[in-house]
Amino acid sequence: MNRILHGRLTGLAVLGAIIAVLPVFLTNNFHLDVAILAGFNAVVCVGLNLLIGYAGQISLGHAGFFGIGAYASGVLVGVYGWPPVAALLAGAAFVGVLAFVVAKPILRLKGHYLAMATLGIGIIVSIVLRTESGLTGGPDGMMVEPFKIFGVELYGEKAWYWVVGVLLFGVVWLSLNLIDSPMGRALRAVHGSEVAAEVVGVDTARFKVMVFVLSAVFASVAGSLFAHYAGLITPAKADFFKSIELVTMVVFGGMASTFGAVVGAVVLTLLPQALTVFQDYQQIVLGAILMATMVFMPKGLLPTLAGLLPSRRRA
Amino acid sequence: MLAELLQYLLSGLTIGAIYALAGLGFSIIYNASHVINFAQGEFIMIGGMASATLTASGVPLPLAILIGCGGAMLVGVAVAKFAVERARKASTVTLIIITIGASIFLRGVAELVWGKDFKRLDAFSGETPIQLFGASLQPQSLWVMGCAGVLIVAIGLFFNKTLTGKAMLATSHNRLAAQLVGIDVKRVVLASFALSAALGAVGGAVVAPITFSYTEMGIMLGLKGFTAAVLGGLGHGPGAVAGGLIVGVAEALGAGYLSSAYKDAVAFVIILAVLLFMPNGLFGKRGTERV
């Protein structure tokens, strides 16, 4: 127990230190912007990793939840004049209820059927956002008001960097605690063998539903804040490719590793920026990197690297 | 009134035939390797793009389709050999990401080779619509439905009558047992990718005069094909065909009577509704888990 606690605190301390020191090296707003985007993706991925890595369930529709959060903030604040915090909470509550309602029947499904169902939900959400242009601005997207709390406007990349940094730290901390809680052990049992978990009395369905709802709410909150930060949202943020991107980040970084999810999100957010030098070959290189990583490191980046250092404990 | 319904049915069956071919492709690969091949749509795209660009540069149509088909088969075998087979023991999610990586890669190559713009392919036998009880039917629709019908029957015969087909079926039932009786299961996986690629490519070529071809044409067609396969019960061939036709017809009816903007959502609403009540699709067997 002490050792686990120790390992967990080390990881958190490293993450905190990186978040705190990073701005020193990010000299211009473009670098900060990329770091903020990576942070938003990381928040969603940490939640998604709980579902994929620990509960062993695939979701190909998480961008849909991100999109609902983003558009809830955009529409409620911009059109109906709600305070941003209330809109964020309303979006998160709606996504939570939606995830709960669909989770019960859907999480009964296994493997590819679950992938199909979540994919369907994500695509339906993005089509609705694209079509209801009266509220959402259609395919061109909509402008979103800045985030205000107690009359103070959150402004500039520097301020947003700290908001996202603190959010990410909090989400990672929450997720690590969850993994070491009885619920986390139950989840790992579900991943190992669902039947065995049921036999020893774990209410597998309940845990799967809880973690699905939690990961959806993480995505919604990230979506709301992202909408305020970016100032412009489009249905592309909710579509199938965004969902794929999120799953890829989790799997690339390393399933069942919270820090792996963070690393995956950061690397794959930076990658397209780095790949712009390839210009027309960008998609080809991206596709090739995805395939090669998965073929040669099926466990993902961080666990594979950790495996190269046998003396170290796993993160 | 009736003419309108007939019109929707005809256009639904036309596009449904393409979904059926794609769905069959998903099922064949799933049976041989338990992989959901998200690059299936790209096989359709290769077929459509190759036949459109080759005929534009003077190659006779049948030869162009044949070349497109062969090219797609080579690509399919390459994906199977260099990506899927190597990651044999990886988890479901990992395999899904590999095929998605392949589809991004293939779209990137296609954009480089053919460019981003829409390519036109002339209808195979003119565009004079055939009048049918007040509904009008494009001759190309007949080509689509005819080709799909012939291919589906041929695939059925292949799996039930030929030794290779039976070997592939045996592998889908039990890979290890098939290996023990001397079936080269690795070649079965390669063959399944080649076969699915051919089905997709022919589908892409015959549908190209209706939809135009462009490098992203395979995305939605592929996803709808996946829907068709799941609707019929993954790995169930006739189920995938029925699923494709159901999705196509429902989509056309939805677009006609409800809202054309939500046309693309119809397939996914159906699949969610079906999965809620029949977790194994319409014709899938109830799964039991070995512990």
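**Close-up views of a two-chain predicted model**

**View 1. A:Pro235 sits in a loop of chain A.** In this predicted model, A:Pro235 is found in the loop between strand S4 (232–233) and helix H11 (240–253) of chain A. Helices (H or I, at least four residues) and strands (E, at least two) are DSSP runs, numbered from the N terminus. Residues are numbered from 1 along each chain as its sequence is written, while chains are lettered from A and ligands numbered from 1 in the order in which they are written. Local features need pLDDT of at least 70 and side-chain atom pairs count only at pLDDT 80 or more, whereas totals for chains, interfaces and linings use all residues. Is A:Pro235 buried or exposed? A:Pro235 is buried, because 27 C-beta neighbours lie inside 10 Å. The cut-offs are 20 or more other C-beta atoms within 10 Å for buried, 12 or fewer for exposed, and anything in between for partly exposed, with C-beta atoms placed from the backbone. Leaving aside neighbours within four places in sequence, A:Pro235 is in contact with A:Gly67, A:Ser126, A:Leu129, A:Arg130, A:Pro139 and A:Gly141; contact means that C-beta atoms, placed from the backbone, lie within 7 Å. A:Met142 is 93 residues away from A:Pro235 in sequence, yet their C-alpha atoms are 9.3 Å apart.

**View 2. A:Val46 lies in helix H2 (residues 29–54) of chain A.** A:Val46 counts as buried because it has 27 C-beta neighbours inside 10 Å. Beyond the neighbours within four places in sequence, its contacts are A:Val171, A:Val172, A:Ser175, A:Phe218, A:Thr258, A:Ala261 and A:Val262. For A:Leu114, 68 residues along the chain from A:Val46, the C-alpha separation is 20 Å.

View 3. Among the buried residues of H4(A) are A:Pro84, A:Gly91, A:Val95 and A:Ile106.

**View 4. Chain A and chain B meet.** Here 35 residues of chain A are in contact with 38 residues of chain B. On the chain B side, helix H4 (92–114), helix H9 (217–232) and helix H11 (263–277) each supply at least two residues. The largest share, 16 residues, comes from H4(B). By class, this side of chain B has 28 nonpolar, five polar and five charged residues. Ala, Val, Leu, Ile, Met, Phe, Trp, Tyr, Cys and Pro count as nonpolar, Asp, Glu, Lys and Arg as charged, and the others, Gly among them, as polar.

**View 5. A:Val247 has contacts in both chains.** Setting aside neighbours within four places in sequence, A:Val247 is in contact with A:Leu48, A:Ile52, A:Ile58, A:Leu60, B:Val93 and B:Ile97. Which residues touch the most other members of the largest nonpolar core, with its 200 residues? They are A:Cys45, A:Val247 and B:Ala20. The largest share of this core, 16 residues, comes from helix H8 (residues 185–211) of chain B. A nonpolar core is a set of buried Ala, Val, Leu, Ile, Met, Phe, Trp, Tyr and Cys residues joined through C-beta atoms within 7 Å.

**View 6. B:Arg107 is a buried residue in helix H4 of chain B.** B:Arg107 is buried because 21 other C-beta atoms lie within 10 Å. Apart from neighbours within four places in sequence, B:Arg107 is in contact with A:Gln283, B:Glu42, B:Thr215 and B:Glu216.

**View 7. B:Phe133 and B:Phe212 have positive phi values.** Most residues other than glycine have a negative phi. B:Phe133, with phi near 45°, lies in the loop between strand S1 (130–132) and strand S2 (135–137) of chain B. B:Phe133 is exposed because it has 8 other C-beta atoms within 10 Å. B:Phe212, with a phi of about 70°, is in the loop between H8 and H9 of chain B. B:Phe212 counts as partly exposed because it has 15 C-beta neighbours inside 10 Å.

**View 8. Confidence in the model.** The mean pLDDT is 84 for chain A and 89 for chain B; pLDDT is the predictor's confidence in each residue, from 0 to 100. Over residues 1–5 of chain A the pLDDT is below 50. Where pLDDT is low, the predicted coordinates should not be read in detail. The model scores ipTM 0.84 and pTM 0.87.

Note on methods. Contact = placed C-beta atoms within 7 Å.
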